[in-house]
Number of protein chains: 2
Amino acid sequence: MPATDTVRIRLPDDRNYEIRIGSGLLDEAASWQGLPKAAAAVIVSNDTVAPLYAARLRERLQGVYARVDLVALPDGEEHKDWASLNRICDHLLGEALDRKTVLFALGGGVIGDMTGFAAAIYMRGVPFVQVPTTLLAQVDSSVGGKTAINHPLGKNMLGAFYQPERVIADLDVLDSLPDRELRAGLAEVIKYGPIADAGFLCWIEDNLDALLARDKAVLGYAVRRSCEIKADVVGQDEREQGLRAILNFGHTVGHAIEAGLGYGKWLHGEAVACGMVLAADLSARMGLTPAAFVDRLRVLIERAGLPVQPPKLGTERYLQLMRVDKKAESGAIRFVLIESLGQAGLHAVPDAVIADMLAAHGAA
Amino acid sequence: MPATDTVRIRLPDDRNYEIRIGSGLLDEAASWQGLPKAAAAVIVSNDTVAPLYAARLRERLQGVYARVDLVALPDGEEHKDWASLNRICDHLLGEALDRKTVLFALGGGVIGDMTGFAAAIYMRGVPFVQVPTTLLAQVDSSVGGKTAINHPLGKNMLGAFYQPERVIADLDVLDSLPDRELRAGLAEVIKYGPIADAGFLCWIEDNLDALLARDKAVLGYAVRRSCEIKADVVGQDEREQGLRAILNFGHTVGHAIEAGLGYGKWLHGEAVACGMVLAADLSARMGLTPAAFVDRLRVLIERAGLPVQPPKLGTERYLQLMRVDKKAESGAIRFVLIESLGQAGLHAVPDAVIADMLAAHGAA
């Protein structure tokens, strides 16, 4: 069993926080000490995760806060909306909880995003702590301060940049994760290789079987390295003015798939996995990377049990969905493309090239 | 006619902006130059203000932006809610406007707060410009970066700290302001005296008739001095950790009146005016200020044509409404009290003292 690893996130204005990664952190008293003082804590979770871990977290927090409430939301990306967000706000206001109240996001990326957004806007900001229970949330949504809800017209379209006080990534909670969700989380782990660290991509290829078998030491390293890379990128560009966009490798097509099929059909990680294959293909078509890289990435993603075949939404629908993506500016669709292994950048891609690519993958 | 005055707001991270105050600024090209470049601008206004000024603003902005849209919301504090906010977001997303789009808040405090909040959360932040058309908005809501919407359980309960790119306070637009709203704006002007500048209180007492007669030079000075004081306070405490709370003098009772009667019955400034009289009374009851100050403030507020008699909501209802106020912590109700003329601070007040005060004013 690995010891606790700590990744320190440094932000301007001394808004620093720690990501603690290890086994058994949920039950360790130290995980919950040294947080902002408050009369009340509110655990925000969902119907799936709350029955598994909320009682344990509550017990620990009761040693720190006089009052610990639980708000359990319906599970799923399709509930990452204003109605769910408002349930958190209704509880906070209904119980007259003050502006020092600390929110704890116990769940995956959806719970993390919604709890973070609720914390950002409740009384213009209360503290919150991320307790990610999925691999995806541990390696991705718990770093970087992006919070959001979906809108019928687009994913993550309403949100805020808002940083947690701390992230507690307990590797043991991944034991209860369905296989499909573990694989979806691996998509984001894989992402960090092509965009930032060629050596990490090799390490993933070598350790994929151990990752799928949930070996804690191997998972711990994957989480730590992913958080380090993301923290490094975010630290250079908190508000997504430039560099940070590379973290969206695979996401432009991925978001289109999610929105086009209706949120919740494909898991976010599945859509990103497929989106990475298509973005790699665009990188090759734009003359940036050799075609061999596309094959290498597709093989790894297939080995991880993730989809490489995009849904047949039609070229027009794909273009329309991708144009509303937040990276779009003035009509030109821009993608994160791989410039060389371990390096990525934003590139405008002509509609005709996109159309050819979609046709080649049977998505047109 | 006074020349253009400029108050510079300095914030951390070089997020500085200017408040320009003067006659005729709406039609001056310079007002709209040097803002962030974008393909589109969206004017957010309401049904009352849009017919008066939207066409003129649009004409000016069309010299700068290729596309200028208008979103006109229903007028009134009772529409400062999620439904109205969502109309702005629906327009932005429906038209696939990108994350560089600049929003222009053309209206009073309600439009400023909602447009600012929409700008804060749309794609996690787009630039916005305040064009306040009420005295209240010019002296108060356009400085300080507070944005918010109301919730059925409390006023301004959901929001963000988010700063505009610029504020254009054209004194000429105040000519179309109904008398009642001019007076409501004067409530916030009066506020700056007791909390920060005894000399300014004397100046207001001396110039009240000219202010009510809409003398531009006198209004210009009142707006400038109010913005300076607010900017000074906010500059020392952007996120309302301490000092900034003094700006809420009169607001704890004021918010209770607004919520208790239902938003929109009393104007915000009217509720604050009455709230200042009651908070001054609490200051005297707590032994901080002489009773003569309560009389002096009440006389001035009455001269300004503002209410000094609180609605009879009952003591329990007042206490309940004030407990949900954002300044409340762990049950204790805290008020901004006047410690000496020109100096204020937050003080916890025992329920019994509040009850006596409410009874003395016929509000119990």
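In this predicted model, D5(A) stands opposite I21(A), a residue of β2(A). The two strands concerned, β1(A) and β2(A) (residues 17–22), pair in the antiparallel sense over five bridges.

Both strands belong to an open sheet of seven strands in chain A, with the order β1-β2-β9-β6-β5-β3-β4 and mixed pairing. At its edges stand β1 (5–9) and β4 (67–73) of chain A; each has a single partner strand, so one side of each is left without a neighbour in the sheet. On average, neighbouring strands of this sheet are turned by 15 degrees against each other, direction ignored. In general terms, the strands of a sheet pair through backbone hydrogen bonds, either parallel or antiparallel.

| Helix | Strands involved | Angle |
|---|---|---|
| α2(A) | lies across β3 (40–46) and β4 of chain A | about 155 degrees to β4(A) |
| α3(A) | touches β3, β5 (102–107) and β6 (128–132) of chain A | about 165 degrees with β5(A) |

The contact between the chains comes next. In it, 33 residues of chain A are in contact with 33 residues of chain B. On the side of chain A that touches chain B, the elements giving two or more residues are α2 (82–94), α3 (109–121), β7 (146–151) and β8 (154–161) of chain A. Of these, β8(A) gives the most, with six residues. By type, the residues on this side of chain A divide into 18 nonpolar, six polar and nine charged.

In chain B, β7(B) (residues 146–151) and β8(B) form a hairpin with two residues between them. The two strands run antiparallel and are joined by five bridges. Within this pairing, K146(B) has F161(B) of β8(B) as its bridge partner. Six of the eight residues of β8(B) (residues 154–161) are buried, so this strand is largely enclosed by the rest of the structure.

Another element with a buried side is helix α12(A) (residues 351–360), where I354(A), M357(A) and L358(A) are buried. These three residues cover an arc of only 100 degrees around the axis, which puts them on the same side of α12(A). The face turned away from the buried side of α12(A) carries the exposed residues A352(A), A359(A) and A360(A). Among what covers the buried residues of α12(A) are α9 (268–285) and α11 (315–323) of chain A. After α12(A) comes G362(A), whose phi is positive, near 70 degrees.

What of the interior? The largest nonpolar core has 245 residues, of which V44(A), F104(A), L106(A), V44(B), F104(B) and L106(B) touch the most other members. Leaving aside neighbours within four places in sequence, the contacts of V44(B) include V71(B), L73(B), I88(B), F104(B) and L106(B). In soluble globular proteins, nonpolar side chains tend to be buried together.

Is A169(B) buried or exposed by the number of C-beta atoms around it? A169(B) has 29 other C-beta atoms within 10 Å and is therefore buried, the cut-off being 20 or more. Beyond its neighbours within four places in sequence, A169(B) is in contact with residues including I19(B), R20(B), I21(B) and V223(B). A169(B) and R224(B) are 55 residues apart in sequence, yet their C-alpha atoms are 9.8 Å apart in space.

Terms used. Residues numbered from 1 in each chain as written. Chains lettered and ligands numbered in written order. Predicted model: local features only at pLDDT ≥ 70, side-chain atom pairs only at ≥ 80, totals over all residues. Buried ≥ 20, exposed ≤ 12 C-beta atoms within 10 Å, placed from the backbone. Helix = DSSP H or I, 4+ residues; strand = E, 2+ residues; numbered from the N terminus. Pairing = 2+ DSSP bridges. Contact = placed C-beta atoms within 7 Å. Nonpolar A, V, L, I, M, F, W, Y, C, P; charged D, E, K, R; others polar. Arc of directions from axis to C-beta. Axes fitted to C-alpha atoms, helices over the stretch in contact; angles between N-to-C directions. Core = buried A, V, L, I, M, F, W, Y, C linked by C-beta atoms within 7 Å.
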